[in-house]
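The sequence and the structure are shown first.

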Amino acid sequence: MVTHGVSTRFARLLSNGRRDEVMRQYGIPRAKVYIGLVGSIEPRKGHDVLLKAIAGLPDEVREQIHILIVGSDKNEDQMSQRWLDELVKDMGLGDSVTQVKYCDPYPLYKIMNILVLPSRREGFPLTAVEGMMSGACVVRSNCEGADLQITDGVDGRLFQVDDVEGLRGILAELISNPESRQKLADAGQKKALQEFSTERMAKDVCAVYKRLLSK
């Protein structure tokens with residue numbers, strides 16, 4: 001099997017100056033554990049699953065975090081954007097959420113401690129690989145492609161699709177245990193660089209053609 005790959009630029013370090021600039025640009029508060037979600041705004045992506053999981057955390061845990069949502073509603077009516085805005089409001093998370101319209105996510109990945117993909121349906125989402133390569137601890141639902149990307153508890157975490165309680169427990173553990181979180185992030189980055197780079201993808205594609213041509 002040849003998996004998709006992403007550029008190793010996501011593994012490059014971001015200078016402290018550039019990080020500070022990005023945080024000022026988007027009004028991101030300091031001294032928090034940053035939990036990110038990168039993807040188009042639509043129910044399929046499970047924004048509601050993440051927000052419900054965070055809203056149910058104890059107050060003392062929730063106070064430690066800030067949520068970065070990166071993405072846009074692709075539809076002209078912006079119905080999904082309104083859906084997301086209502087979710088944030090209804091759950092009382094307005095002060096804990098920064099929304100950024102879709103852009104190059106590289107510098108924002110570098111701010112995130114935890115990247116969550118709570119999707120209900122996926123293929124082989126490159127967002128997960130980008131997050132791993134960037135050095136974030138990646139947590140994703142176990143829909144299509146999950147087991148190809150993450151070994152649960154080794155280089156990231158997996159939870160059942162739509163399992164708000166399961167995701168909440170994982171987040172609580174990662175927020176309160178930065179050493180464990182960093183260990184998963186480091187293993188995920190190493191795996192992404194070894195298995196999911198564009199160079200590895202090109203090498204594996206060439207190997208397929210060579211095998212076919214030799215027959």
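A crossing of two helices is called left-handed if the near helix is turned anticlockwise from the far one by less than a right angle, and right-handed if the turn is clockwise. The model described here is predicted.

## Helix packing

Two packed helices are described by the angle between their axes and the distance between the axes. For helix α6 (residues 126-134) and helix α9 (residues 178-195), the angle is about 115°, and the axes lie 7 Å apart. The crossing of α6 past α9 is left-handed.

On the α6 side, the contact is made by V129, M132, M133 and S134. On the α9 side, the contributing residues are A185, G188, Q189, K191, A192 and L193. By class, the residues of this contact between α6 and α9 comprise six nonpolar, three polar and one charged.

## The sheet

Strands of a sheet pair through backbone hydrogen bonds, either parallel or antiparallel.

Opposite I114 stands C137 in β5.

## The largest pocket

The largest pocket holds about 370 Å³ of space. Its lining has 20 residues, and K110, M112, S134, G135 and Q182 are the closest to the pocket centre. S134 is also one of the α6 residues in the contact with α9.

Helices α1 (16-26) and α9 each supply at least two residues of this lining. The most comes from α9, which gives six residues. The lining of the largest pocket divides into nine nonpolar, six polar and five charged residues.

## The second largest pocket

About 320 Å³ of space lies in the second largest pocket. It is lined by 22 residues, and those nearest its centre are V38, G39, S40, K45 and T127.

Which elements each supply at least two residues of the lining of the second largest pocket? They are β1 (33-38), β4 and α6. Here α6 gives the most, with three residues. The residues of this lining are divided into 10 nonpolar, six polar and six charged.

The packed helices return in the pocket linings. Helix α9 gives the most to the lining of the largest pocket, while α6 gives the most to that of the second largest pocket.

How values were computed: Residues numbered from 1 in each chain as written. Predicted model: local features only at pLDDT ≥ 70, side-chain atom pairs only at ≥ 80, totals over all residues. Heavy atoms only, no water. Axes fitted to C-alpha atoms, helices over the stretch in contact; angles between N-to-C directions. Helix = DSSP H or I, 4+ residues; strand = E, 2+ residues; numbered from the N terminus. Contact = heavy atoms within 4.5 Å. Nonpolar A, V, L, I, M, F, W, Y, C, P; charged D, E, K, R; others polar. Pairing = 2+ DSSP bridges. 1 Å grid on protein atoms, 1.4 Å probe; cavity = no way out; pocket = protein on both sides within 12 Å on 5 of 7 lines; lining within 4 Å. Points joined across faces, edges and corners; volume = space filled by probe spheres on them.
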